[in-house]
Amino acid sequence: GELDFDWQRRLVNVRAFGTKGVDQPLLSASWSLDQLSGHEDMPGGSVTLNHIMNASPRTNDEWVCINHHGPTNSMHYALTTICASFMFVFLLLFPFLLVGCSLFFAARGGFG
């Protein structure tokens, strides 16, 4: 791969080459330095400068990581946490419940 910084045009180019390294790039992308620093919108993203400025923790010397779709709202976070917890508990307890019911019915003489 290759990173190319064009300081005059204020662009960053990323290229991914094949296995030989002399082929034409298989993938390439370009971003302006203003897009990467949050001063311009990124294509396909919904993060605004306001999202970046309101991110916490926020100091002048720290990087801020934000999902390219924008910050997650609290309802989405709560629903995702509840669903993930339910799936974890279900997958953890379901085999024990299945074995327990099978043993219970086997001790009573079967399912009939």
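N13 is buried, with a relative accessible area of 13% (buried means under 20%, exposed over 50%, partly exposed in between, with a 1.4 Å probe and protein chains only). The model here is predicted, so local features need pLDDT of at least 70 and side-chain atom pairs pLDDT 80 or more, while totals for chains, interfaces and linings use all residues. Residues are numbered from 1 along each chain as its sequence is written, and side-chain values use heavy atoms, without hydrogens and water.

**Around N13**
- N13 sits in strand β2, residues 11-16 (strands are DSSP runs of E, at least two residues; helices are runs of H or I, at least four; both are numbered from the N terminus).
- Leaving aside residues up to four places away in sequence, N13 touches E2, L3, D4, A29 and S30 (contact means heavy atoms within 4.5 Å).
- The side chains of N13 and S30 make a polar contact at 2.4 Å (a pair of N or O atoms within 3.5 Å; within protein, one must be able to donate a hydrogen and the other to accept it, and residues adjacent in sequence count only if both atoms are side-chain atoms).

**The sheet**
- Three strands form an open antiparallel sheet in the order β1-β2-β3 (two strands pair if DSSP finds at least two bridges between them).
- β1 (2-6) and β3 (27-32) stand at the edges with a single partner strand each, so one side of each lacks a neighbour in the sheet.
- Five bridges join β1 to β2, and L3 stands opposite V14 in β2.

**The whole chain**
- The elements run β-β-β-α-α-α from the N terminus.
- Of the 112 residues, 10% count as buried.
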